[in-house]
Amino acid sequence: EGSAWPASVLEEQPGAPGQDPADLALRRLHQLASQSLTPKAFKMANLVSDWLATLLPHVLQKVSRVTFGLLSAEEYAKLQVTEPLMPRSRFKLAIPFVGK
């Protein structure tokens with residue numbers, strides 16, 4: 001089992017001198033998770049937390065350089081001739097048109 005935070009730390013009131021409310025909430029969450037999760041699940045929760053803090057902002061900042069749209073009826077008719085094995089579902093799905 002993981003070590004628990006001292007009770008004095010957990011009982012401190014948010015806004016007390018030197019205490020950040022977010023830090024206090026994080027400590028409480030850490031204690032609750034370490035008591036209720038298996039060690040493997042706790043490690044996975046830590047990994048997810050790290051990914052959300054580091055990878056997700058990076059991914060959300062990426063600019064998509066591809067425009068998407070639906071095929072028009074004329075484009076679909078042309079593709080049926082040139083690509084007879086194309087699935088009908090492609091007509092209803094957004095497909096990339098231009099990529100840079």
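This is a predicted model: local features need pLDDT of at least 70, side-chain atom pairs count only at pLDDT 80 or more; totals for chains, interfaces and linings use all residues.
The protein chain holds 5 helices and 2 strands. Along the sequence, these elements follow the pattern α-α-α-β-α-α-β. The protein chain has 100 residues, and buried residues make up 14% of them. Its accessible surface comes to about 8,400 Å². Carbon and sulfur atoms contribute 63% of that surface. Contacts were also considered by sequence separation. Among contacts in the protein chain with a separation of 6 or more, 45% join residues 24 or more positions apart.

Helix H2 covers residues 21-36. H2 has 16 residues and reaches 23 Å from its first C-alpha to its last. That span is close to the 22 Å expected at 1.5 Å a residue. Four residues are buried in H2: Leu-24, Gln-31, Ala-33 and Ser-34.

Ser-34 has a relative accessible area of 12%. This value falls under the 20% cut-off, so Ser-34 counts as buried. The side chain of Ser-34 reaches back to the backbone oxygen of Gln-31, at 2.9 Å. Both Ser-34 and Gln-31 are among the buried residues of H2.

The structure holds 1 salt bridge. It is formed by the side chains of Asp-23 and Arg-27, with an N to O distance of 3.2 Å. Both residues lie in helix H2. They are 4 residues apart, about one turn of the helix. Asp-23 has a relative accessibility of 30%.

Helix H3 covers residues 39-61. H3 has 23 residues and reaches 33 Å from its first C-alpha to its last. The span expected at 1.5 Å a residue is 33 Å, and H3 comes close to that value.

Ala-45 lies in helix H3. The relative accessible area of Ala-45 is 36%. Ala-45 is therefore partly exposed, as 36% lies between the 20% and 50% limits. Ala-33, in contrast, is buried in H2. Ala-45 and Ala-33 are 12 residues apart along the chain. Their C-alpha atoms are separated by 8.7 Å.

Definitions and conventions:
Residues are numbered from 1 along each chain as its sequence is written. Side-chain values use heavy atoms; hydrogens and water are left out. Buried means under 20% relative accessible area, exposed over 50%, partly exposed in between (1.4 Å probe, protein chains only). A polar contact is a pair of N or O atoms within 3.5 Å; within protein, one must be able to donate a hydrogen and the other to accept it, and residues adjacent in sequence count only if both atoms are side-chain atoms. The expected span of a helix is 1.5 Å times one less than its number of residues. Contact means heavy atoms within 4.5 Å. Accessible areas come from the Shrake-Rupley method with a 1.4 Å probe; for residues, only the protein chains shown count as cover. A salt bridge is a side-chain nitrogen of Lys or Arg within 4 Å of a carboxyl oxygen of Asp or Glu.
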